[in-house]
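Thanks for coming, everyone. Please have a look at the screen.

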Amino acid sequence: MAQGDHADFLDRLYDAALDPSLWRSTIAQFADMIGGDAGWLSQLDITTGDGLREEDPMSRIDPHWAD
């Protein structure tokens with residue numbers, strides 16, 4: 001992978017931290033970079049231990065898979 005691809009990904013990652021609407025495309029790009037099919041940014045609650053929430057940013061994953 002070219003150095004420019006890494007720089008582009010890092011730019012998108014920082015942008016997604018400020019604009020949550022960018023997470024899905026950023027996760028998809030990361031999955032592509034590492035040869036993955038999908039990605040999920042889990043937001044675990046350390047107080048309750050709850051995990052999967054429908055608002056968790058996912059890419060190429062059915063959000064209802066845990067049902």
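Let's start with Ser-59. Ser-59 lies in strand β2. Is Ser-59 buried or exposed? Ser-59 is buried, at a relative accessible area of 9%. Buried means under 20% relative accessible area, exposed means over 50%, and partly exposed is in between, with a 1.4 Å probe and protein chains only.

What does Ser-59 touch, leaving aside neighbours within four places in sequence? The partners are Arg-24, Ile-27, Ala-28, Ala-38 and Gly-39. Contact means heavy atoms within 4.5 Å. Two of those names, Ile-27 and Ala-28, sit in helix α2 and are buried.

Before I go on, the ground rules. This is a predicted model, with residues numbered from 1 along each chain as its sequence is written. Local features need pLDDT of at least 70, side-chain atom pairs count only at pLDDT 80 or more, totals for chains, interfaces and linings use all residues, and side-chain values use heavy atoms, with hydrogens and water left out.

Now the confidence. pLDDT is the predictor's confidence in each residue, from 0 to 100. The chain averages 83, and 85% of the residues score at least 70. Which element has the highest mean pLDDT? That is α2, at 92, while β2 has the lowest among the elements, at 82.

The overall layout is simple to say. There are two helices and two strands. From the N terminus the order is α-α-β-β. The chain has 67 residues, and 21% of them are buried. Take the contacts between residues at least 6 apart in sequence: 25% of them join residues at least 24 apart.

On to helix α2, residues 23–33. Its buried residues are Trp-23, Thr-26, Ile-27, Ala-28, Gln-29 and Ala-31. A reminder on helices: an α-helix has 3.6 residues a turn, so residues three or four places apart point the same way. Just after α2 comes Gly-35, with a positive phi of about 80 degrees.

Look at Gln-29 in α2. Gln-29 is buried, with a relative accessible area of 16%. Which side chains does it reach by polar contact? Asp-8 is one, at 3.1 Å. Arg-12 is another, at 2.9 Å. A polar contact is a pair of N or O atoms within 3.5 Å; within protein, one must be able to donate a hydrogen and the other to accept it, and residues adjacent in sequence count only if both atoms are side-chain atoms. Beyond four places in sequence, Gln-29 is in contact with Asp-5, Asp-8, Phe-9 and Arg-12.

Phe-9 brings us to the rings. The structure holds one aromatic pair. Phe-9 and Phe-30 have ring centres 5.5 Å apart and planes at 25 degrees, so the pair is stacked. The rule: rings of Phe, Tyr and Trp (its six-membered ring) pair if their centres lie within 6.5 Å; planes under 30 degrees apart count as stacked, over 60 as edge-to-face and the rest as tilted. Phe-9 is in helix α1, residues 3–18, and Phe-30 is in α2, so the pair ties together parts that are 21 residues apart in sequence. Phe-9 is buried at 10% relative accessible area, whereas Phe-30 is partly exposed at 38%.

Next, charges. How many salt bridges does a search of the whole structure find? One. Asp-32 pairs with Arg-60, with the closest N and O atoms 2.9 Å apart. Asp-32 lies in α2 and Arg-60 in the segment after β2 (58–59), so this pair ties together parts that are 28 residues apart in sequence. The criterion is a side-chain nitrogen of Lys or Arg within 4 Å of a carboxyl oxygen of Asp or Glu. Asp-32 is partly exposed, at 48%. Arg-60 is partly exposed, at 48%.

One last point on the backbone. Most residues other than glycine have a negative phi. Arg-60 is not a glycine, yet has a positive phi of about 65 degrees. That's it from me.

How values were computed: Helices (H or I, at least four residues) and strands (E, at least two) are DSSP runs, numbered from the N terminus.
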